[in-house]
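Welcome to this short tour! Open your viewer, find the selection tool, and let's walk through the fold one stop at a time.

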Amino acid sequence: MTQSAPSLDEIARTRQRLGDAIFRTPTVRCAGLEEILGNSTEVFGKLEFLQRTGTFKARGALATVRGLSADQLRRGVTAVSAGNHAIATAYAASVSGTSAKVVVTASANPVRVTATRAFGAEVLVAPTVQQAFAMAERVQADEGRYFVHPFDGFDIATGTGTLGLELSEQLAPVDDVLIAVGGGGLAGGVANALKQLWPQTRITGIEPVGADPMHRSFAAGSPQSIDQVTTIADSLGAPHAAQFSFELCRDNIDQLVRVDDDMLRSAMNTLFRTMKIAVEPACAAATAALLGPLKDSLAGRRVLLIFCGSNIDWSGFSQHAELVAN
């Protein structure tokens, strides 16, 4: 790798540094999913959507901000996001005594934008994710703010690695872990931690069909970009893979699978019916893979799903539900 992967000691120290600003989210047995599968598969879920800010993003953002110098904190931070990372960066800034000016895409859910502002951040809006990155670069150059990357870098991976560390304390080793892949910050960080803790566990990354830069990067052997994000799982809509997170994913993820929007909506419906949880499309990616392309290969195994986020409003959830019903 271009930089060493976070060690378990570094991840443990980061978890200590985050303290009460990060919740220890529960891991539960998903009996309803087991009944639907009907093939002796044991299914567990890490309910990370109960994390502060509603997603796993708070872990990496806070790990990054709490590692800044006094001068960097004085200058403030900036970020790019479809919404969830914006909320997380605003939260991290608010509990770390600094300011945040973040850029969100025009398609960002208004609920996420409101939550970002509620933590005191200034919000700028860009038409596309590519333009959002360019705008954040200008903010960084003009104001000297530290750029909190949405998915790449050592601090992000160490922060998300704390989720993997928690899993090892909550659950005996499983056969398989299913985890959504956007830019790879969550998947790479968790996979890196778990491969050190549970080396025999198979880790599968799940990408939406309309945003699959990690698939393309694995095939090419180097980080690749996509021209357009076309998926309802907007929080998985990274426009490109980046070097560090790509290498973490390549070194620790055993396989990648794709799921389409219909599969995501169906999985959202299933989770609502069986677990009474209303989650965003990205959070349903692992379930979509479990019930779809991986169903037969996971039969009879112990499987863990990472439920990564729930920042969706009732209107948006209802629209997806109506499409499933119709």
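Which residues in α3 meet which residues in α8? Keep in mind as you look that this is a predicted model.

**Stop 1: α3 against α8**

Select residues 57–65 for helix α3 and residues 154–170 for helix α8. On the α3 side, the contact is made by R59, G60, A61, A63 and T64, and their partners in α8 are D155, I156, G159, T160, T162, L163 and E166. By type, the residues of this contact are four nonpolar, five polar and three charged. Now look along the two helices: their axes come within 7 Å and cross at roughly 130°. Because of that angle, α3 counts as oblique to α8. The crossing is right-handed.

**Stop 2: α3 against α5**

In α3, pick K57, A58, A61, L62 and V65; they meet N84, H85, A88, T89, Y91 and A92 in α5. This contact divides into seven nonpolar residues, three polar and one charged.

**Stop 3: how covered is α3?**

Is α3 mostly covered or mostly open? It is mostly covered, with nine of its nine residues buried. The buried residues include K57 and R59 as well as L62 and V65.

**Stop 4: the nonpolar cores**

In soluble globular proteins, nonpolar side chains tend to be buried together. The largest nonpolar core here has 60 residues, and those touching the most other members are L178, L186, L290, L304, L305, I306 and F307. Zoom in on I306: leaving aside residues up to four places away in sequence, I306 touches K46, L163, L167, V177, L178, I179, L186, C283 and A286. A second, separate core has 25 residues, among them L62, L68, Y91 and A108.

**Stop 5**

Most residues other than glycine have a negative phi. Select S40, in the loop between α2 (31–37) and β2 (42–47). S40 is not a glycine, yet its phi is positive, about 70°. Then jump to K276, in the loop between α12 (261–275) and α13 (285–291). K276 also has a positive phi, about 60°, without being a glycine. Are these residues buried or exposed? S40 is exposed, with a relative accessible area of 65%, and K276 is exposed with a relative accessible area of 65%.

Note on methods
Residues numbered from 1 in each chain as written. Predicted model: local features only at pLDDT ≥ 70, side-chain atom pairs only at ≥ 80, totals over all residues. Heavy atoms only, no water. Axes fitted to C-alpha atoms, helices over the stretch in contact; angles between N-to-C directions. Helix = DSSP H or I, 4+ residues; strand = E, 2+ residues; numbered from the N terminus. Parallel < 35°, antiparallel > 145°, perpendicular 65-115°, else oblique. Left-handed = near helix turned anticlockwise from the far one by under 90°. Contact = heavy atoms within 4.5 Å. Nonpolar A, V, L, I, M, F, W, Y, C, P; charged D, E, K, R; others polar. Buried < 20%, exposed > 50% of the residue type's maximum accessible area, 1.4 Å probe, protein only. Core = buried A, V, L, I, M, F, W, Y, C linked by side-chain atoms within 4.5 Å.
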